[in-house]
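Please walk through this complex with the sequence and the coordinates open side by side. The text below takes the chains in turn and then turns to where they touch.

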Amino acid sequence: MFKKRNRLFFLIFVLPTFAAFIIGFIYPFFSGIYLSFCKFRTVSNAQFIGIDNYIKAFQNEGFLQSFWFTCVFVVLSVVLINLIAFAVAYILTLGIRGSNVFRTVFFMPNLIGGIILGYIWQQIFNGILQKYSTNLALNETYGFWGLIILMCWQQAGYMMIIYIAGFQSVPHDLYEAARIDGASKSQILTKVTIPMMAPSITICTFLTLTNSFKLFDQNLALTNGLPGVVGAGGTTIYKTEMIALNIYKTFYANQNSRGIGQAEAVIFFVIVVVIALAQLYFTRKREVQQ
Amino acid sequence: MKSTTLKRLAALGLAGLMTAGALAGCSDNSAAPDSDAAKTGDASKGSVYYLNFKPEQDKAWKALAKKYTKETGIDVKVETAAEGTYESTLTAAMDKDDAPTLFQVNGPVGLANWKDYCMDLSDSDVLKQLTNDEFALKDGDATYGIAYVIETYGIIYNKTILQKYFDSDFASVKSIEELNNFDQLKKVADEIQENKDALGVKGAFTSAGMDSSSDWRFKTHLANMPIYYEYKEDGISSTDAIKGTYLDNYKKIWDLYITDSTCAKTDLASKTGTDAETEFIDGDAVFFQNGTWEYGALTKGGLKDKDLGMLPIYIGVEGEEDQGLCTGSENYWCVNNEASDDDKAATLDFINWCVTSDTGTAALADDMGFVIPFKKAKEATNKLVKCDAEMVDAGKTPVTWNFTTMPSEDWKNGVGTALTQYAAGKGDWDAVVKAFVDGWATEYAKANG
């Protein structure tokens, strides 16, 4: 009797969240997939046309360009952000004076919105580049490194907090034992600290990987894809456009392009899921039980 | 204990309500009434929902809507999309149950996107108020849009400084009347540039900034010139493939803009619209390509009517001495075809009131600074608008706005990017031509294929 009542309450209490989940996630997700097979203007007047959108998406040079650009960006930013965050977290757990102040300062960029951040850094970079008679909008190399610097600056602080928590959760007796056994500082770091911190590394790589893949605001504000090169057929290919920005632009390009943008978004989703799950699988394997 | 139970119940109820509300939002309302049914609608039962395009006029529209409600008791809701987001805002709004009854498109290309949602306005009263049939946006026999504001652009010049140039000994052009074609314009600009210290300016033209706040002046408005002359020569009003007959002229004027400028060519990529505006207001430059909508900003900045004049954009085409300013509209009102008959009738009444009543015309002219192409329009106080009227009176032929036929935003951006690269010396002119000509055909096919 008592148990049955509990179960009823369980259902009642889970209902609002469940309903919200269906409305806010499940329904849009499946209608999104459906729309990628449609030609539509607004979502209520979609007309099914089959896989045409997917064919056009793969023919979209800009989409392919943005895909490779995003891949290179992701690899580099994941490595750099995690290295920087790990290093900063390591230093700030050594017990130097003012650690708390530094932690706050490094974390702060995370509190600023991506668009504002993008514009601020655009001003900074262009201010410097002007001295050399060039501009973010003129050279994709600057745009690429600008994005990397911007993302490191913004994300390293957040990952640092997770790494600090990781450092602090390593039991002290392990260090003590290692020292008694005569391990050097670098041995302690590689043989004790890093294996013990594998869960933090898993979560941080996952976060940086997905964040970098889905990057939009910063890309829009910093370079907006510029510079562009006029390719075959007079279509302009934007050199620093990442996938999310390309999808957005494709979606609003013209009256026939919404379905193509939607198809690109579905392709993008599949790629991100596959890569993120693969990463989780491989980093999880390295985690050790305490 | 009891109060927590109550709270929980309340929360549950609230969540349920929200769910119901959200689900109701998904319900489909696609039964479209046929267009002439609007005549049978009862305006007094309907309401108006206007999705406004121009952020600068947001307050004035809301004030006008309030006045209308006070006068007639009919509800008018005005919402404005943030700068550059009209298309996405409209897309989202059109999906709502309570969709805008009045929205706008920018011309034939915009109409192609939204035609299914546009009511045929052929029998409406407001159409009969138009001073010229040219301002109705047609597709076949049906009229889907009505231009509600006419704007003009050209090269705004600082009269005082230009006079200083005419009076100086190094000037080979001596009066504004002589400044009536590209060669003369180039002569004047070059001489001003050469003697900029003597005239106290930093350059002849304000910076032709290619930041997104300014690049539309060149990738759209300036690009209208070669399109206008090509259409005129071929006797057409739109095309699926542009030939680029006058692109050399486009290059000429662009070269002039970026050479006789206030800043180095390499700086143009990041220069903004405000940069150019400030340079003009501060008297650092003589010429500023912009339009009548800029009047408010210029006078607020301290320029007086006597300082301001507007020249046609000369690009070196034969017979351009008779060319006037570029006048047209990219703001067409459309009435939502899927709205209820009552709402349609109310919307038509509202726009008719806006362009015929004293309150409405005064608000459009004085508060919004619009020149409206309707019979009862109130004369605007805008000096730049008067420049246009003078040109027309002098028998100059206005240049029509053909940029509304540009195939897509992507096309404009492509041309803009190529112009930026060319200006900075990173790309050649061929890229501009390719983006202009080949890009046109590709984009047109994409949008209409």
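Into which domains is chain B divided? Domain 1 of chain B is made of residues 31–150 together with 329–375, and domain 2 of chain B of residues 153–326 together with 387–448. Between the C-alpha centres of these two domains of chain B there are 32 Å. Where the two touch, domain 1 of chain B supplies 7 residues and domain 2 of chain B supplies 8 residues. On the domain 1 side of this contact in chain B, 2 residues are nonpolar, 4 are polar and 1 is charged.

Everything here is a predicted model, so confidence values belong with the description. For the complex, the predictor gives an ipTM of 0.84 and a pTM of 0.83. Chain B has a mean pLDDT of 88, with 91% of its residues at 70 or more. One stretch of chain B to read with care is residues 16–38, where the pLDDT is below 50. That stretch of chain B still has 20 contacts in the model beyond near neighbours in sequence.

Ala285(B) belongs to strand β8, which covers residues 285–291 of chain B.

Helix α18 of chain B runs over residues 429–448. Its 20 residues should span 28 Å at 1.5 Å a residue, and the end C-alpha atoms of α18(B) are 28 Å apart, so the two values agree. Even so, α18(B) bends by about 40° at Gly439(B). Of the 20 residues of α18(B), 14 are buried, so the helix is largely enclosed by the rest of the structure.

Chain A comes next. It holds 12 helices and 4 strands, and its C-alpha trace spans about 80 × 70 × 30 Å along the principal axes. Of the 290 residues of chain A, 35% count as buried. Among contacts in chain A between residues at least 6 apart in sequence, 74% join residues at least 24 apart.

Helix α12 of chain A covers residues 258–285. Its 28 residues should span 40 Å at 1.5 Å a residue; the end C-alpha atoms of α12(A) are 41 Å apart, which agrees. The buried residues in α12(A) include Arg258(A), Ile260(A), Glu264(A) and Phe268(A).

Finally, the two chains meet through 29 residues of chain A and 40 residues of chain B. On the chain A side, the elements that give two or more residues are α1 (2–35), α5 (114–130) and β3 (228–230). Of these, α1(A) gives the most, with 4 residues. The chain A side divides into 12 nonpolar, 16 polar and 1 charged residue.

Definitions and conventions. Residues are numbered from 1 along each chain as its sequence is written. Chains are lettered from A and ligands numbered from 1 in the order in which they are written. This is a predicted model: local features need pLDDT of at least 70, side-chain atom pairs count only at pLDDT 80 or more; totals for chains, interfaces and linings use all residues. Ala, Val, Leu, Ile, Met, Phe, Trp, Tyr, Cys and Pro count as nonpolar, Asp, Glu, Lys and Arg as charged, and the others, Gly among them, as polar. Domain bounds come from an automatic or database domain assignment. The expected span of a helix is 1.5 Å times one less than its number of residues. A residue is buried if 20 or more other C-beta atoms lie within 10 Å of its own, exposed if 12 or fewer, and partly exposed in between; C-beta atoms are placed from the backbone. The bend at a residue is the angle between axes fitted to the seven residues ending there and the seven starting there. pLDDT is the predictor's confidence in each residue, from 0 to 100.
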